[in-house]
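Dear colleague,

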Amino acid sequence: MTSRHRRRPAAALGLALAALLLTACGGAGSGSEDQAADDAVVVYSGRSEGLVGPLLARFTDSTGVAVSVRYGDTAELAAQLLEEGDRSPAEIYLSQDAGALERLHQAGLLAPLPARTLDLVPATYRGDDGTWVGTSGRARVLFYNDDTVAVADLPDSVLDLTDPRWKGQVGIAAANASFQSFVTAMRITLGEQAAEEWLTAMVANDVQRYDNNSAIRDAVDSGQISLGLANHYYWFEKATEVGAESLAVQNHFLAARDVGSLVNVAGAAVLATGAEDADALRLVDFLLSSQAQEYFATTTFEYPLVAGVDPADGLPALADVEGPDISLGQLADLDGTQALLTRVGLL
Amino acid sequence: MAATLTARGPARQRSTRTSGVTALHVLATAASLVAIVPLGYLVARAGGLGWGTVWDVLAQERTVALAVRSVGLAAAVALTCVVVGVPVAWLAARTDVPGGRWWLAVAALPLAVPSYVTAYTWVAAVPSVQGFLPAWLLLSLSCLPYVVLPVAAVLSRVDPALEDVARTLGAGPVSAFRRAVSPLLLPAAAAGGLLAALYVLSDFGAVSLLRFDSFTRVIYTSFRASFDRTTAAVLALVLVVLAVGFVLLERRARGRDDRWRVGGGVSRVPTQIGLGRLRLPALAALVALYGLALGVPAVMLAVLMLRGRRAWDAGEWLAAAGNTVLASGVGTGIALVLAVPIGMLAARRVDRWTRVVESAAYLGHALPGVLVGLSLVSLGLAVLPGLYQSLALLGFGYAVLFLSNAIGSVRSAAVQVPPVLEEVGRTLGAGGLTTWRRITVPMTAPGITAGALLVLVTAMKELPATLMLRPTGMDTLATELWTRTAVGAYAEAAPYAVTLVLAAAVPAFLLAQLVGRTA
């Protein structure tokens, strides 16, 4: 056997691994000391780094308060917070969706916000019990491909998408939180039966299923399908990446008060574990400052929710995109929506 | 010529002669307890729901249908990997196909491309790609190295005297290969097929991009939409059962495992087989196979990278690359500490307890990373709150997930150490530890190193558990990639995908070298 020749790389690898393990233990020790030493606000962000990272950096620049951010998926972080409970290191939770915030509120994990913070935002866009507040608005829209669909032919209501002329032409992301919020809103406004009938008709009309809103947008853009249900800012994201002029996909806002015009929010909450830290609240207030609201309008292309800041060019005013008459907190009732989507075969 | 003995009888004696609990038993059992932490969590969660409700979830028609779909995909991929992988390994390790052993390096490279990246590049190239067929093909291409590498390693080591003896006894070349060599390949091929099957069971990224409804995809869906950990836990228990099924199947296919040789002199280097007229067709087949597995992702990543408009941050990129190496290195270290006793015990013992211990260690590989992550969140906070969200806990998570990748290599290396050598060491007066250090470790070192490299390359690509367990503020290449693809910034994500592939290519390449060198 030639074992002697083989021993050397194995020994080197062993040494390297031992060094790494030592680093890990050392790192772990110093990490927890760091946390105790400086009091950075610990944020669990269900919003991506590209979107909120620069904004949080501005907060640190203007206040001197350090922020330590953990980025993740909105729902996965909510599950992690539920798992962590009162031992969570997190002080702030940023969510892409009102339902996740309401769910944490129901679990008793959120601290109440003061009225002066809540009052910056219209009552529609904050938690009924005052534990979370919307920081930006996200409108549901209908994507269309302007090569294959004439503007005059676009429907006014999401209910018209069951028309045979759109057979196999409409994309949805049934697993996506924003689609499920929309279905929840439909169950609340039109009733369980009407919602089930609509979904069943959509399935019968060969609705096309995608994994997320970006995939729907790209499918509409490539002409694979003509229409898609998604949120308004996905169009702006793509336009920024590849240029608006090269896009065939466009946003269409459905009629006011149509359930397809739901405006959901991305929002913020202070966790009970962060209630003692005044800096945590400062961060929430910062997100509602005109500086941050303008950032949302011009960088993430979401609707600012605080009075006095205008949305991005080309968007109708928020007051005109009137959604259905529901409380956003009701969107936490996802179990019923999931059961419904499962029943009709979409999940 | 070396007198060769492939023992079967003596092994049986050995296991009965030295039965009883040894230190190795204790160590291996402790190590496998670590691997079943997620299972304990799932049972606790599901139990909290009440067993009646658990039954309701399980008995749904849809649950059964999904289980069938997932098993079908996993079995199809595993079989494809074995059927394609064994000839590929043979071509690369034993024949005069142009390129020769360089093909082993190429064959290791799909390990470096995360299956979600492969799937993404294919979807970007052909948007209509979806469903069972593409999922089957792409996952097979991704998992092929699990079979090619261990089989090539065995082929490089097999003493050609075995075939010679078969030939002198009147067997033709094909029959000699089938009867003398293929039984030696079976354990390696079966273990590789098992890893492929378990990988497919736990895969989320590729099946979701290709829109194939698998069990794991539905677990994620229900989990993401309703923050419902309980239903996800119940469904994951089904995955555990399916995984155990595959482990048992592999055990049957593997058969008995004593493949050591003793004899005067050394094993001869296997002869190269001339392919003759088939040389070029064989080359064409390899080029076509790896063109699909590597060429398409490479070209599409390059196209996407050039399409991007935004500048990228070199500091951020460098930090992510460093963190990736650091975290996966720590994970590999912990995985090895756990895998070596389990692999050694599995090689030496055939008792029932050993089988249970070894099987348990495979479970982590079959579970969705998000549930392994949650189980460690729960355990970390309850047992070691000081280590919560530290590099050490993240590494521990990798070890739980990828322990199984190392066990197979350690075991296949250890079964080739003739126990008689250790016994000789003992009779010459060396203690157990000295014997282990001077005989067992040197002889199994290549296998242990191969196992370490396989864990390293897999851990580098891990995403869901990394998101939950990493220290707050620490980014790896996989999380940076995810951050960008999650918001649809594919062009911006491409440099991270390329770096991840290149970084993972290093251990993959070393692995291929190691496999080649054992000749």
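How many nonpolar, polar and charged residues are there in the lining of the largest cavity? Before the answer, please keep in mind that this is a predicted model, and that the values below were computed from it.

Let me begin with the empty space inside. Rolling a probe the size of a water molecule over the atoms shows where empty space is left. Nine cavities of 30 Å³ or more were counted in this way, and the largest cavity holds about 380 Å³ of space. It is lined by 26 residues, of which Leu149(B), Pro150(B), Ala153(B), Ser409(B) and Ala450(B) come closest to its centre. Sorted by class, the lining of the largest cavity consists of 17 nonpolar, eight polar and one charged residues, which answers the question above.

The elements of chain B that contribute two or more residues to this lining are α8 (132-157), α10 (173-202), α19 (391-414), α21 (432-461) and α24 (490-517). Among them, α8(B) gives the most, with seven residues.

The second topic is chain A, which is divided into domain 1 (10-137 + 263-315) and domain 2 (139-261 + 323-343). The C-alpha centres of these two domains of chain A lie 28 Å apart, and 21 residues of domain 1 are in contact with 13 residues of domain 2.

The size of an interface is often given as the accessible area lost when the parts come together. For the two domains of chain A, about 1,400 Å² is buried between them, with 65% of it on carbon and sulfur atoms. On the domain 1 side, Val263(A), Phe301(A) and Leu315(A) lose the most area to domain 2, together 34% of what that side buries. Between the two domains of chain A, the count of salt bridges is zero.

With best wishes

Conventions: Residues numbered from 1 in each chain as written. Chains lettered and ligands numbered in written order. Predicted model: local features only at pLDDT ≥ 70, side-chain atom pairs only at ≥ 80, totals over all residues. Heavy atoms only, no water. 1 Å grid on protein atoms, 1.4 Å probe; cavity = no way out; pocket = protein on both sides within 12 Å on 5 of 7 lines; lining within 4 Å. Points joined across faces, edges and corners; volume = space filled by probe spheres on them. Helix = DSSP H or I, 4+ residues; strand = E, 2+ residues; numbered from the N terminus. Nonpolar A, V, L, I, M, F, W, Y, C, P; charged D, E, K, R; others polar. Domains from an automatic or database assignment. Contact = heavy atoms within 4.5 Å. Buried area = accessible area lost by both parts, 1.4 Å probe. Salt bridge = Lys/Arg side-chain N within 4 Å of Asp/Glu carboxyl O.
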